[in-house]
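Please keep the sequence and the structure in view while reading.

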Amino acid sequence: MGQITLQQVRKAFGDVEVIPPLDLNINDGEFVVFVGPSGCGKSTLLRLIAGLEDVSGGMISIDGNDATALPPAKRGLAMVFQSYALYPHMTVRKNIAFPMRMAGMDQAEQDRRIEGAAKALNLTDYLDRRPGQLSGGQRQRVAIGRAIVREPSAFLFDEPLSNLDAALRHGMRLEIAELHKRLDTTMIYVTHDQIEAMTLADKIVVLQAGVIEQVGSPMELYNSPRNVFVAGFIGSPKMNLLTGTEASNRGAHTVGIRPEHIDVSATEGTWKGTVGVAEHLGSDTFFHVHVEGMQEPMTIRASGDLTMSHGDTIYLTPDEQRFHKFDNAGLRVE
Amino acid sequence: MARAVTNQRKALNTVIAWSIGFLIFFPILWTILTSFKTEADAIANPPIFLGFDWTLENYAEVMDRSNYARFLSNSILIAGGSTILGIIIAIPAAWSMAFVPSRRTKDILLWMLSTKMLPAVGVLYPIYLLCIQLGVLDNRFALVVILMLINLPIIVWMLYTYFREIPGEILEASRMDGASLKEEILYVLTPMAVPGIASTLLLNFILAWNEAFWTLNLTSVDAAPLTAFIASYSSPEGLFFAKLSAASTMAIAPILILGWFSQKQLVRGLTFGAVK
């Protein structure tokens, strides 16, 4: 079981309130991702749930029990840190065994679980090495192994992939997704990378300055962002946000159109512009287009075989059905 | 590109390094050599380097005249006691400063260090009077406490810098893994800090061993350590260089041997943070 409920939880460091009172419900077995720009309070929120920081107010309950005042060890949660936080003086085996040793589990059961975790995480050959002798990816797997063997009611991940290179990061992302499918345990995952958020989450919590901007499934956030911040944050490349006449013509203060919802033509279209930078990714090409009468360049996602380059004239036609509209407070209007 | 170093250059560097090393070590070597000379040879002009009649009579006489074992045991007790007491007080202090710093932690550290800037003689009078009032002049325990207080800032600073190097996330991980505070300290922190604690112990033992100002001023007979033992051969009956050298050699021998076997730890302790 791993249902976690936050009621009016707030956190202040001295006079600075980093998290104003906040409510959140995380269901058993859910994969929840906290995402937001750096300094938005997502790691602090995770640390509050872990018990590594004390709340300044409100209540945290885990599986229906008030856990607000419980020390980290008593909450039944396991955490994987950004820096892996392995014990450098212990072998991989002892690292993985540590939480079980602290729990006073009998040796045979410990060995059984270590073998199981090592097998699942491809660590069998490395059990007698020390963390210093492992690569980044292997260290991360040890940290995950140490979390798994406890059979916690929920896993907490604090930006676990940000120390890995791009290729490894993708591989580990799949492994974590796979792990969640297999264990079916609640996972709370903090990241600033919205691609990780989109690909892993059942539910994304978008945070800004300690405030929850929106909670929803990845597709809900993508299709109907609640406000301008979420619209700009979710999706890659970013949504194009327009104000001024383009917006007032469509009856809103701000309108947004995603790069993939704009058609490109060399001859005719709604907007005329010139290509600034063209990023060819193979399958896709991202054009940064300077449209006449608009201050910000627009980003367009087009098919990879389109061969326009810097300085070419380009015509753009947005899909009118796909416009997102926001009022002057930045909130979505239907 | 790495800088090219020719063999000649290497040889030259080696010669220079050995020369400097020899220069630094020479006074100690000379003391040791002198301790094996007769008093006449010891003051011979020009000085004799190696070609003298080697004799052990100085050692015999020093052993005969003073109770070396008592001075030695006082030194061990005072240096060891003050270091251990200091470590016991400094570990929790450095711990909280490194891992749960407050807004004033930096100020406290600097203030502690500032006490080392005061010349010791500046507080000789008050401390001397205090010792008289409390009736602890020439008392080993009083000296343990005084030397501990004098070295405490250094002990706390050294441990603090060591602990700062231990990533907080590892301690948090152990907390998440179910370790109590005691287990966290015992199984995670201490093993990681052992090199730091060891070199702190060692350096402060040496500092306390060599401390002469307070040991000379606050002891006479009962609590007198080896520094007083050396001093007792310097003045009253004129200078007896050979015997003084023998006494000095006997006083520095234990710490020299200890230092020799632990030089790796010491170098690490002294350069910690500087070369990383």
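Which residue is the bridge partner of A:Gln208 in E10(A)? In this predicted model, the bridge partner of A:Gln208 in E10(A) is A:Val211.

## The sheet of chain A

Strand E9 of chain A, residues 203-208, is joined to E10(A) by five bridges, and the two strands run antiparallel. Both belong to an open sheet of six strands in chain A, whose order is E6-E7-E8-E3-E9-E10 and whose pairing is mixed. In general, the strands of a sheet pair through backbone hydrogen bonds, in either a parallel or an antiparallel manner.

The edges of this sheet are formed by E6 and by strand E10 (211-216) of chain A, each of which pairs on one side only. When direction is ignored, neighbouring strands of the sheet are turned against each other by 15 degrees on average.

## The contact between the chains

Chain A contributes 16 residues to the contact and chain B contributes 14 residues. On the side of chain A that touches chain B, the elements giving two or more residues are strand E6 (77-80) and helix H2 (92-102) of chain A, and the largest share, three residues, comes from H2(A). The residues on this side of chain A comprise 14 nonpolar and two polar ones, with no charged residue among them.

## Confidence of the prediction

For the complex, the predictor gives an ipTM of 0.84 and a pTM of 0.77. The average pLDDT of chain B is 85, and 94% of its residues score at least 70. Among the elements of chain B, the highest mean pLDDT, 92, belongs to helix H1 (residues 7-34) of chain B, whereas the lowest, 67, belongs to helix H13 (residues 263-271) of chain B.

Notes. Residues numbered from 1 in each chain as written. Chains lettered and ligands numbered in written order. Predicted model: local features only at pLDDT ≥ 70, side-chain atom pairs only at ≥ 80, totals over all residues. Contact = placed C-beta atoms within 7 Å. Helix = DSSP H or I, 4+ residues; strand = E, 2+ residues; numbered from the N terminus. Nonpolar A, V, L, I, M, F, W, Y, C, P; charged D, E, K, R; others polar. pLDDT = per-residue confidence, 0-100. Pairing = 2+ DSSP bridges. Axes fitted to C-alpha atoms, helices over the stretch in contact; angles between N-to-C directions.
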